[in-house]
Amino acid sequence: MPSSSTLTKAVILVGGHGVRLQPLSYYMPKPMMPLLNRPFLEHIIAYLAKFKVTDITLALSYLPELIRSHLGDGSNLGVQLHYTVEDSPLGTAGAVKNANRYLDSTFAVLNGDIFTDLNIADMLAFHQHKKAKVTIALTWVDNPCAFGVVETDSEDRVRRFTEKPNTNKVTTHWINAGIYILEPEILRHIPVSSYYMFERGLFPLLLKLNEPVYGYPFRGYWLDMGTPEKYLCLNCDLLLAKMSSPLTPGLGQNSVCCEKDATVHPSAKIMGPAVIGSRCQIDQRARIEGPVIIGEDCYVGEDTSIEKAMLWQGISIGAGASLKGCIIGSNIRIEEGKQVTNRIVTLDHTGLPGESCLRADEAG
Ligand code: GTP
């Protein structure tokens, strides 16, 4: 019988190398990538805090010091943060087992690359009503073939998991959304210090043991920011107010949010939605057409044109350059007059600036 009536604890899985986000993820762990100029992870933490889930463990395995030194004890965000660091990746379930010293009551687990407006309080009520030991949030997708699908019965009890089904074997469009509520007693089924996954290890085992595992279907916003296209799409969705974050209240559909210490020449034209970071300088006749996000310390030269783009920090755009449908990584210099369309420009694995394609049709 579930013991707790409240949910205050969560683990955020901050593991992988973000392979699908390369080249952006070579020097920046996926959860630290900026979302409206704040690290993605800060938005997830603020989302949890909104539901009074304030005792949060970050299960880290890739570039952990970068994350830990930025977030500290979490007090700036109104939460208490704990950290676990894996010497080598332990998998999604193994990483949670590794955090078990912090998990003595009902807790949530979130993949560290999901953005959603799922109502956790409602999911908890469902979990308790069903007397579940594990509840898996389920989201509906048009094409489930790239995901783990979850079959449930008429009582929402999970009956089967299928990883990445073939088109002709699709039995449901409800997929695992990467958000779970678990009772701590379940941790005993996860081996210590071993690589172990929820999807392929723990969940199928629990079904065999006839443990009560339930699926909680929801129809709200859900996006896995695991590719550059999805990452750009998420930033644009927030800018276009299709979705909101507790960290960016009041962002209207066409608003221009410009930090006070940014300098914009009076002849520059900015059409929202746009966010312009601290200490930016926008020169004469620059034309910015949202959705556009410009990070701190960027220089945008005269007669430039920027449309649907994301600039990280410390970037310099030479006079007359034109950017459209782009993500530009930190400290990149775009030459005068250069045209960059549907591209990622960032440091590559050799540490030198490089360009790769951004599939515009998938960027929302
Ligand atoms: P990436 O390698 O981060 O791109 O993982 P993925 O997008 O292929 O996602 P996957 O379904 O493998 O993992 C879901 C979430 O769990 C992501 O946030 C991962 O970063 C995280 N994760 C995956 N494996 C591990 C691990 O071994 N340890 C920890 N701490 N987290 C992990």
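Buried means under 20% relative accessible area, exposed means over 50%, and partly exposed is in between, using a 1.4 Å probe and protein chains only. This is a predicted model, in which local features need pLDDT of at least 70, side-chain atom pairs count only at pLDDT 80 or more, and totals for chains, interfaces and linings use all residues. Residues are numbered from 1 along each chain as its sequence is written, and side-chain values use heavy atoms, with hydrogens and water left out.

**Exercise 1. Find threonine 172 and decide whether it is buried or exposed.**

Step 1: Go to the loop between β10 (158-163) and β11 (174-182), where threonine 172 is found. Helices (H or I, at least four residues) and strands (E, at least two) are DSSP runs, numbered from the N terminus.

Step 2: Compare its relative accessible area with the cut-off: the value is 12%, so threonine 172 is buried.

Step 3: List its neighbours. Leaving out residues up to four places away in sequence, threonine 172 touches Pro144, Val149, Val150 and Glu151; contact means heavy atoms within 4.5 Å.

Step 4: Look for a polar partner. A polar atom of the threonine 172 side chain lies 3.0 Å from the backbone nitrogen of tryptophan 174. A polar contact is a pair of N or O atoms within 3.5 Å; within protein, one must be able to donate a hydrogen and the other to accept it, and residues adjacent in sequence count only if both atoms are side-chain atoms.

**Exercise 2. Describe the surroundings of lysine 230.**

Step 1: Locate lysine 230 in helix α6 (residues 228-239).

Step 2: Its relative accessible area is 37%, so lysine 230 is partly exposed.

Step 3: Not counting residues up to four places away in sequence, lysine 230 touches Leu223, Asp224 and Met225.

Step 4: From C-alpha to C-alpha, lysine 230 is 20 Å from tryptophan 174, and the two are 56 residues apart in sequence.

**Exercise 3. Which backbone oxygens does the side chain of tyrosine 62 reach?**

Step 1: Tyrosine 62 sits in the loop between β4 (55-60) and α2 (64-71), and its relative accessibility of 15% makes it count as buried.

Step 2: A polar atom of its side chain lies 3.5 Å from the backbone oxygen of serine 25, and the side chain also reaches the backbone oxygen of tyrosine 26 at 3.4 Å.

**Exercise 4. Describe the shell around the ligand.**

Step 1: The shell has seven nonpolar, eight polar and four charged residues. Here Ala, Val, Leu, Ile, Met, Phe, Trp, Tyr, Cys and Pro count as nonpolar, Asp, Glu, Lys and Arg as charged, and the others, Gly among them, as polar.

Step 2: Helix α3 gives the largest share, three residues.

Step 3: Now check the ligand's oxygen atoms. One is 2.9 Å from an N or O atom in the side chain of lysine 30, and a backbone N or O atom of glycine 91 lies 2.7 Å from a ligand oxygen.

**Exercise 5. How many helices and strands does the protein have?**

Step 1: The protein has six helices and 27 strands.

Step 2: As a further check on the whole chain, buried residues make up 55% of the 364 residues.

Step 3: Along its principal axes, the C-alpha trace spans about 65 × 50 × 40 Å.
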